[in-house]
Amino acid sequence: MKTDLTDTTASKINKALVLGRRAIGTPAIGMVLTLVIVTDEENAYDALKAASDAAHEHPSRTLVVIKRVSRSPRDRTKSRLDAEVRLGADAGTGETIVLRLYGDVVDHAQSVVLPLLLPDAPVVVWWPVNAPLDPAGDPLGALAQRRVTDTYACEEPVRELTARADAYTPGDTDLSWTRITPWRSMLAAALDQVDCKVQAVQVEGEGHNPSCELLAMWLADRLDVPVERTASDGPGLTAVRMDTDCGPVVLDRADGSLANLSIQGQPARAVALKRRDTAELIAEELRRLDPDDTYASALRYGVERLNAPGAAAREGSGGDGDGAGAVAAPVGTAAKAPAKDAARKKAPVRKAAAK
């Protein structure tokens, strides 16, 4: 069921929701959170489709905020809100409200969204493109417990990681980080199978791919060993090689779907490591609404520190490189670091970033 409202208000939208639920015979609200998608007209369809697919696992009220650009100075002074309310089969397992903002109201989107949030339910804000430099400082981001960006969609993704680190607030996350969850879990599980010290790491993947940089920073942060970042033709991440004192551990994925894991002294094995679509990434992020301390620690390690001349030598001389202890711990919660380890690493990392 679809209801189009032109030049409307939040009050009228809420009334349309109530009438729509009665019309389709579902007066109760059975949703677990509010997902706010802030995007443009060009990317709205893909973002809404991904959110609709994720809603099968997380029934939610989805608010799509589209800020329309006025073509003339006269139009910019005229505020208008158009809405499309979708319920039932047209909205999957939840409710969808598409909001198109015109004129001055574009700068006050939070005043439109606030009355439409589900009461006593978590709020997640997702920017598929054009995310603010400080998501928590954005008026819409301030309403949320969780703020999702995607540096892969930025013009200079690797440089964007530095801005994300400077503005990080607990609750921030990035789909570029979510993309490497299977890699982190697989590498941690591989090190659980050996009693060796990691001495050096090589991460191979597409150039200007923030997921590759984040994986390299995570390994450097957790293992405290030299990490070399090398470029390949992709797709995405292609290989990670960990040199240990009892032989190499290599995870190689050349085709973007099936990887080969080889450990010294053990037969090589094939493991499923396919590239996931946006719906799967969003569904994963909606499973957890608490701050991701592991992401924060890896992000604050810093791209500049990773790629600085002589960084490998400095890192290699500073730690014991105990791979089994450093990486095996996060496996249970998608490679989540213990809070005490994250707190211990934050202070020196922040100081290094400031330099």
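Author: On a 1 Å grid over the protein atoms alone, a cavity is a set of points where a 1.4 Å probe fits but cannot get out, and lining residues have an atom within 4 Å of a point. Grid points are joined across faces, edges and corners, and a volume is the space filled by probe spheres set on the points. One caution: this is a predicted model, where local features need pLDDT of at least 70 and side-chain atom pairs count only at pLDDT 80 or more, while totals for chains, interfaces and linings use all residues. Residues are numbered from 1 along each chain as its sequence is written, and side-chain values use heavy atoms, with hydrogens and water left out.

Reader: How many cavities of 30 Å³ or more are there?

Author: Three. The largest cavity holds about 50 Å³ of space.

Reader: And which residues line the largest cavity?

Author: Among them are P135, R147, T149, R164, D172, T173, Y295 and L299. β7 (146-149), β8 (172-174) and α10 (293-301) each give at least two residues to that lining; helices (H or I, at least four residues) and strands (E, at least two) are DSSP runs, numbered from the N terminus.

Reader: Now the cysteines. Which of them form a disulfide?

Author: A disulfide is a pair of cysteine sulfur atoms within 2.5 Å. Here C196 and C246 pair up, with sulfur atoms 1.4 Å apart, and that's the one disulfide in the structure. C196 sits in the loop between α7 (181-192) and β9 (198-206) and C246 in the loop between β11 (237-244) and β12 (247-252), so the bond ties together parts 50 residues apart in sequence.

Reader: What is its handedness?

Author: The torsion about the S-S bond of C196 and C246 is about 100 degrees, so this disulfide is right-handed.

Reader: Is C196 buried or exposed?

Author: Buried, because its relative accessibility is 8%. C246, at 36%, is partly exposed.

Note on methods: Buried means under 20% relative accessible area, exposed over 50%, partly exposed in between (1.4 Å probe, protein chains only). On a 1 Å grid over the protein atoms alone, a cavity is a set of points where a 1.4 Å probe fits but cannot get out, and a pocket is an open set with protein on both sides within 12 Å along at least five of seven lines; lining residues have an atom within 4 Å of a point.
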